[in-house]
Every structure is written in structure tokens, then in C-alpha cells.
Amino acid sequence: MTPTPRPPQSPSPEGGFVLVGIVMFTLALTILALSLLSLGSYEAQLAIRTQHEQAAFYAAVGGLERAKFALIRGDSLASVKRYLPIQGVTYARAMQAADSTGKVKWNPDSLITIRVLGIDGPARKLLEAKFRPIPGIGLYKHLYTSSGGVTVKPAPGTADTVRWSRTDLTGSVWQNSPDTTWSKRAKVGSHSVYRIGNVPQPSLDQFFTDHSTTAEPVIPGNSHNYQLDADKTAPNSWKYFKTPDGTFTQYGGSLNGYTLDDTTNKVEGGTPQIRVSGKSVWMFEHGVRFEEQLVVQATTSTDTPAVVIAAKKSPDGVGIWFRGAISDNGGGSYCAVVLVSDGKVIISHDTGSVDNSLLPYLTVYASEIEVRGPLPNSHNPPTNYLSHDHLLSAGEDSDPQGVIDHMALIGLLPSVSSNGGSFTFVSNSWREIASSSGN
């Protein structure tokens, strides 16, 4: 029996749908994989960009704090522009009527606007905030600043007051002692008691810890002359010097408990001199004393010279004692002189062969300050005085190139963090602005 053949069957449409589904599923997976890869790359770029923006933001925030610190230490609006960090903060402004020029107006009603640009990679963050200045007093912008008081002495061992009129003081004084009778004894001039109270006790411990180990030794040699050449190898430089305890020569050295007691009765050699170039700091662990008048000679030609003599107190409580006074060299160029001690500073005409002294720019910061002019005699003309000047308009205090501002910013002045001023934030004044609008 012959079987009956089956009729031919047409292809099933379901097989085509499966193939199309597989192709579409594969395509979807490919697109998803590509999307995930692209998303991962985008997220990585976003993370890097966010990291740069956060770093720039924090740099700008830190720049605002640094600007406040610079304003307090430098006491000038231009201080915010000086010595900016090499990385992070590249631009800073302080506006108080004028734009980053002039002294800070320490008046609570005169707000300061600070604007700082922080940069990290391609990110730029420009922040601005307003602050209210709280008045403070600078320690080094007066003739005398004393955590104790000031004394103008008469002739030694007598009640003779003639030396009072030979003591010529020009400048303002800030002291803690309420006794201001000295101001009526000194020669009538432009000196004034600027303020009573709130003078911090001078502290040199941290300053000496930071700098004495690296300071260049200055040891008495075969004369009474001392070289403080801060810019000998590079113009406009500064340097720390020190005279170590225990050094001694026939011209001077450690004696009577002082690190340096330059007594010319040992070997006659004329008046001692210090030759200053650049900005120099001379440190003494246990005080310094000169019998003859110390002459300060400026030798620099490229920068405003200044010398800081910083001395811790000796066993008798005196940090700096110029028994024959201290004076400039009488030439057309003079050196700014800053004396700092946690003990007493005495400047008098008691010994030595010179009965006249003049310092065109002097600032003294000490626990106590004592001065005494020369005694008139047949060899002492009536024009001879002990003259200390710190004019209210002194160029050394001016902005933007004031010597005191500069030395404060680079750390050459002890206890400068006690300058006094501070800032309070003005509510709702903080803002971030387009970085392109700040330059």
C-alpha cells in the first residue's frame, strides 16, 4: 500500500520573531554597555572637576582668612596683595573706600570688603565677604610701647631736674602704668601719651626658638664694630644675627651676666658701631649693655635699612642698656631702630665721652623704659640733647612700602601677633561671584 504524501509545510513565522528579538536584545545590550561606559567616563570627569572646584573653593576660603591675618599684621590694605601663596590664591583685594591702598581704618562703621580668587587646575572660585574692623593698637608704630611704664630720670643721685629739659621726645606712647608724670618732665615737644592699658607683656621665647639656632653669629673681634650686613649677597634681603653667651674678647663679650657687655675700659677703641644693611635682627639671650655711645651706621643703598635689637632680660632685669645712649651716624642716611625686650630698656647719658644723641626713627617695646638726657657742663653746649623721634607721619610706617609693615609680614618683629586689631563677619555678606568679574 502506497503511503499518502504529506503536503509541504510553510516556514513558521515564530522563528523570525525570535531572531529579530535576539538581534534587538543584542543591540539594546550594546547600547546599554556603551551608555554605561560613557556614563562612567562622564562621572570620572565630573568627579575630577568637582575635586578641582572644591580645592579652589577651600583655597579661596583660606585666602580670606589669610587676608584678615595680613591686614592685622600689616595694618594696611595693600598687605593682602603681598607674599601671596605660590599655589591656590593668586589674587586678593581689600576695599575700604580705596581699593587695596592706604592704611586700615580701624573704625567699626568702616566695613572692609575682601575678595579672593582661589585656583586649582581649571577651576576658579572668587569669594567675597565683608568684615567689621575692631580697633586695635600696633605695638611698633609708637615711640615707646611699655607693658609697665616710662620714666624720664633726673641727674643721678640728686634732685637736679636739669636733665629733664635735655630729654627731647617726639612721638606717641602707649603704656600700662597710669603714671604719666614723665610726659610733663621731658622737653616740651610733640610727644603724647596715646593710650593707657592693654599693652601685652613682651614675649621673646618663641621668637628665639624659631630663629636663634639659624642666626649668624656676631662675636666681638679686634674692635668695637659689629657688621650686620643682611643684604651683603642679595639686595633687599633680611637676616637674623646673634651674639652667643660665653664669648669674650678684650673688646667686649659676656660679662656681668650679660650676653654682651661692651665695656671700652678694657681696651680703648673709640665708640662702638653697628653697620647695618638691609633688614637685620640682632638677638641676645641674656641682655646687652654698652658703656660708650653706640653709633648706628646705615650702609645699604638698595633698600630702606632697619635693625631690630631683641634681648631677653639679664639677671638684673635689664634687657638693653645704652649707658652712653645710642645715635645714628649723623649722615644723610639713617637706619630705623627697633628695640624689643621682655626686661627693662635704659637709654641714658651716664657714661661715655659723647653728650649728644639723635635717632630719627626709634620704636621701643619693652616691659619698662627709662631715659635720661645729658648733664650740662662747660664742655656740653646747650644744644645737646638726647633726642628720640618717631613722627606720626614717619615714612617707615606708611603704606605700601612701610618698613614696619614689611618687617611684621615677614616675621622680623617679636610678639607682632598681639597687634590688637580683629574682624567680625558681616551677616549675609558672603557671596561667590563670577571669577571673570574680579580681575
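Which residue stands opposite Leu-358 in β26? The residue opposite Leu-358 is Ser-387. Here a strand is a DSSP run of E with at least two residues, a helix is a run of H or I with at least four, and both are numbered from the N terminus.

This is a predicted model, where local features need pLDDT of at least 70, side-chain atom pairs count only at pLDDT 80 or more, and totals for chains, interfaces and linings use all residues. Residues are numbered from 1 along each chain as its sequence is written, and side-chain values use heavy atoms, with hydrogens and water left out.

**The three-stranded sheet**

Strand β26 covers residues 386-389 and runs parallel to β24, joined to it by three bridges. Two strands count as paired if DSSP finds at least two bridges between them. The pair belongs to an open, parallel sheet of three strands, in the order β7-β26-β24. That leaves β7 and β24 as the edge strands, each pairing on one side only. On average, neighbouring strands in this sheet are turned by 5 degrees against each other, direction ignored; the axes are lines fitted to C-alpha atoms (for helices, over the stretch in contact), with angles from 0 to 180 degrees between N-to-C directions.

**Salt bridges**

Side chains of opposite charge can pair when their charged atoms come close. The cut-off for a salt bridge is a side-chain nitrogen of Lys or Arg within 4 Å of a carboxyl oxygen of Asp or Glu. The structure holds 11 of them, including these:

| Pair | Closest N and O atoms |
|---|---|
| Lys-68 and Glu-65 | 3.3 Å |
| Glu-128 and Arg-431 | 3.0 Å |

Let's start with the local pair. Lys-68 and Glu-65 sit three residues apart in helix α1 (residues 13-74), about one turn of the helix. Lys-68 is buried at 15% relative accessible area, while Glu-65 is partly exposed at 45%. Buried means under 20%, exposed over 50%, and partly exposed in between (1.4 Å probe, protein chains only).

Next, the salt bridge between Glu-128 and Arg-431. Glu-128 lies in strand β4 (residues 123-134) and Arg-431 in strand β28 (residues 431-433), so this pair ties together parts 303 residues apart in sequence. Glu-128 is buried at 6%, and Arg-431 is partly exposed at 39%.

Arg-163 is in the loop between β6 (150-152) and β7 (167-170), and Asp-350 is in the loop between β23 (336-348) and β24 (357-359), so the pair ties together parts 187 residues apart in sequence. Arg-163 counts as buried at 6% relative accessibility, and Asp-350 as partly exposed at 34%. Elsewhere, salt bridges that share partners join Arg-115, Glu-128 and Arg-431 into one network.
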